[in-house]
Amino acid sequence: MQPKKFVHGYYFDEEPSSNRVTELDELNTDKPYWLHFDYEAEETISWLNEKSGLNQVVIDALLHDETRPRASVFHDGILISLRGVNLAANSNPEDMVSIRLWLSKDKVISTRHRTLLSTRDIATDFDAGEGPTTPAQFVSILTERLIIRMAGTIDEIEDKVSEIEEAILMSSNYGLRNELSDCRRQIISLRRYLSPQREAMQQLLSEKVTFFNTEERIQLRETTDHLIRFIEDLDSIKDRATVSQEELSNRLAEQMNGRMYVLSIVAAIFLPLGFFTGLLGVNVGGIPGSDNPYAFGLFSFMLVVVVSLQVWVFKKNKWF
């Protein structure tokens with residue numbers, strides 16, 4: 001059973017039978033290793049502060065709750081902060097899960113609070129004897145899996161926007177506005193973290209970082225290209241959603257204007273009728289025709305004539 005003090009722990013370039021770190025107190029620092037922690041666990045805070053031997057700046061970064069994607073060279077290592085989409089059940093993908101890493105030539109120490117599927121996959125690879133063999137390769141594989149997992153979420157958003165675009169062409173209703181707003185909110189949330197993550201990936205490719213060999217740099221470059229393409233796709237989807245929202249607003253405004261126009265026509269027609277009926281309906285003496293048995297018929301005929309005259313005037317002026 002996995003110890004509670006850390007989530008995952010493995011030695012690099014070892015056989016599956018001997019690559020697992022079982023106890024922190026028995027950690028062999030002569031071998032390159034990966035330790036993965038929950039940064040909110042008391043054991044993690046205690047071990048990092050008392051036994052990790054890391055600089056306090058690095059420890060604070062690994063334990064910090066809020067992080068922005070970055071990659072910073074610090075003394076003999078690299079402090080990396082990355083984010084991946086939240087694919088847990090009943091969660092919002094745009095509520096991205098963060099992971100913090102300290103990378104040096106002989107170790108990787110990573111922390112997170114919520115479960116990240118990419119690290120779980122790497123742990124499975126270690127158990128199967130197919131895990132990365134160096135800390136640098138670990139980071140290149142992790143970044144690749146973090147980015148690739150974003151493809152499904154971005155495709156879902158794009159499909160949703162396409163469905164809304166088609167629905168707008170078929171009919172317009174106010175419910176589509178809420179769906180478009182949700183899509184734009186998701187795009188903004190993803191874009192908010194992917195842009196600095198692109199900068200972090202480019203920093204890993206910079207000449208100042210010497211941990212990566214040629215093959216690992218190629219893999220990082222490919223991952224960065226994927227990330228840039230995803231950002232461009234998000235920008236394109238965002239533009240489409242904006243255009244769709246404007247089109248929907250115009251259609252809804254046209255519908256509203258059409259209804260208001262009909263109501264205006266009806267009001268214009270009944271305004272003089274209401275005036276005449278109100279004038280002749282007052283309960284005072286001297287109302288013309290009050291003693292004439294044909295007065296009501298004549299009055300009704302007069303109202304028909306007035307309405308006919310109004311319709312003729314409206315059509316002549318092309319008001320409808």
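Student: Which strands does helix α2 lie across?
Tutor: Helix α2, residues 56-63, lies across β3, β4, β5 and β6. It runs at about 160 degrees to β5. Keep in mind as we go that this is a predicted model.

Student: And what does helix α3 lie across?
Tutor: Helix α3 (residues 117-127) lies across β1, β2 and β5. Its direction is at about 40 degrees to β1.

Student: OK, let's do the sheet itself. In what order do the strands come?
Tutor: The order is β1-β2-β6-β5-β4-β3, six strands in an open sheet with mixed pairing. At the edges you find β1 and β3, each pairing on one side only. On average, neighbouring strands are turned by 15 degrees against each other, direction ignored.

Student: What holds strands of a sheet together, in general?
Tutor: Strands of a sheet pair through backbone hydrogen bonds, and the pairing is either parallel or antiparallel.

Student: Then do β1 and β2 run parallel or antiparallel?
Tutor: Antiparallel, with four bridges joining β1 (residues 8-11) to β2. If you want a spot to look at, His8 stands opposite His36 in β2.

Student: How many bridges link β2 and β6?
Tutor: Six, and here the pairing is in the parallel sense. Strand β6 covers residues 107-112, and its Arg112 stands opposite Asp38.

Student: What about β5 with β6, parallel or antiparallel?
Tutor: Those two run antiparallel, joined by four bridges, with β5 spanning residues 97-103. Leu101 has Ser110 in β6 as its bridge partner.

Student: Switching to the helices: at what angle do α7 and α8 pack?
Tutor: At about 155 degrees, with the axes 10 Å apart. Helix α7 is residues 214-280 and helix α8 is residues 295-316. That angle is over 145 degrees, so α7 and α8 are roughly antiparallel to each other. Their crossing is right-handed.

Student: Which residues make that contact between α7 and α8?
Tutor: From α7, they include Ile265, Ile269, Leu273 and Phe276. From α8, Phe299, Met302, Val306 and Phe314 are among them. The contact residues divide into 13 nonpolar, two polar and no charged.

Student: How do the axes of α5 and α6 cross?
Tutor: The axes cross at roughly 150 degrees and come within 11 Å. Helix α5 takes in residues 150-170 and helix α6 residues 175-204. These two are therefore roughly antiparallel to each other as well. The crossing of α5 past α6 is left-handed.

Student: Last one: is Ser140 buried or exposed?
Tutor: Ser140 is buried, because its relative accessible area is 0% and the cut-off for buried is under 20%. It lies in helix α4, residues 135-148.

Student: What does Ser140 touch?
Tutor: Leaving out residues up to four places away in sequence, Ser140 touches Glu216, Gln219 and Leu220.

Definitions and conventions. Residues numbered from 1 in each chain as written. Predicted model: local features only at pLDDT ≥ 70, side-chain atom pairs only at ≥ 80, totals over all residues. Heavy atoms only, no water. Pairing = 2+ DSSP bridges. Axes fitted to C-alpha atoms, helices over the stretch in contact; angles between N-to-C directions. Parallel < 35°, antiparallel > 145°, perpendicular 65-115°, else oblique. Left-handed = near helix turned anticlockwise from the far one by under 90°. Contact = heavy atoms within 4.5 Å. Nonpolar A, V, L, I, M, F, W, Y, C, P; charged D, E, K, R; others polar. Buried < 20%, exposed > 50% of the residue type's maximum accessible area, 1.4 Å probe, protein only.
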